[in-house]
Amino acid sequence: PDCFIIEQKLKEKLDIPIFHDDQHGTAIITLAALINALDIKKKSIKNIKVVVNGAGASAIACSSLFKKSGVLSENITMIDRKGVLYRGRDNLNQWKSAHAIETKLRTLEDAMKGADVFLGLSTKGVLTKAMVKSMAKKPIILACANPDPEINPEDVHEVREDAIVAT
């Protein structure tokens, strides 16, 4: 959360644009990828279910920009190391609690069922082939963990020929 505090203080003190690349740079490129993939797959941004694995600066910035671009807040399920960010969960800081939703889902595996989009800003190998199989038709997978993605494209294509994968 320090990056959010630092960014806010800089915005208050300076009269120049403030840009944190881990937040805003990632949000801009993932939104561009999402818009293009939705166009290719003929899906509406207003009707998609998005799972965001990771709840750090990048994930929060991406989710915020996705919402500003038309993804419904209740259609974004964010997950951190302890599980789904849901309303009523203990120990959520102000930035995470802003993305908590009313849901009975508690795990990544649960959240992936029927999801249109997976946005990974987390760790290598966390997304399984079984989870990919459980996604909606024509899924979009943005596996952005660095240097190794949450799932490799070839693993996705082994189980889903209708998927778009970006790493």
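So, who gives the most to the lining of the largest pocket? That's α3, which supplies three residues, the largest share. Keep in mind that this is a predicted model. Helix α3 covers residues 57-68, and together with β2, at 76-80, it's on the list of elements that each give at least two residues to that lining.

How much space lies in there? About 410 Å³ in the largest pocket. Its lining has 20 residues, and if you want to find the middle on your screen, look for Gly54, Ala55, Ile79, Asp80 and Arg81, which are the closest to the centre. Sort that lining by class and you get eight nonpolar, seven polar and five charged residues.

Okay, on to the second largest pocket, with a volume of about 230 Å³. Here 13 residues do the lining, and the closest to the centre are His24, Ile60, Ala61, Ser64 and Lys68. Which helix gives the most to this one? It's α3 again, this time with five residues. Helix α2 is in on it too: α2 and α3 each supply at least two residues of this lining. As for classes, the second largest pocket is lined by eight nonpolar residues, four polar ones and one charged one.

Last stop, the surface. Ile6, Leu10, Leu14 and Ile16 make a nonpolar patch there, about 350 Å² of it. Where does isoleucine 16 lie? In the loop between α1, residues 2-13, and α2, residues 21-41.

Methods. Residues are numbered from 1 along each chain as its sequence is written. This is a predicted model: local features need pLDDT of at least 70, side-chain atom pairs count only at pLDDT 80 or more; totals for chains, interfaces and linings use all residues. Side-chain values use heavy atoms; hydrogens and water are left out. Patches are made of residues with over 30% relative accessible area and no salt bridge: like charges are joined within 9 Å, nonpolar side chains (Val, Leu, Ile, Met, Phe, Trp, Tyr) within 5 Å. Accessible areas come from the Shrake-Rupley method with a 1.4 Å probe; for residues, only the protein chains shown count as cover. A salt bridge is a side-chain nitrogen of Lys or Arg within 4 Å of a carboxyl oxygen of Asp or Glu. Helices (H or I, at least four residues) and strands (E, at least two) are DSSP runs, numbered from the N terminus. On a 1 Å grid over the protein atoms alone, a cavity is a set of points where a 1.4 Å probe fits but cannot get out, and a pocket is an open set with protein on both sides within 12 Å along at least five of seven lines; lining residues have an atom within 4 Å of a point. Grid points are joined across faces, edges and corners, and a volume is the space filled by probe spheres set on the points. Ala, Val, Leu, Ile, Met, Phe, Trp, Tyr, Cys and Pro count as nonpolar, Asp, Glu, Lys and Arg as charged, and the others, Gly among them, as polar.
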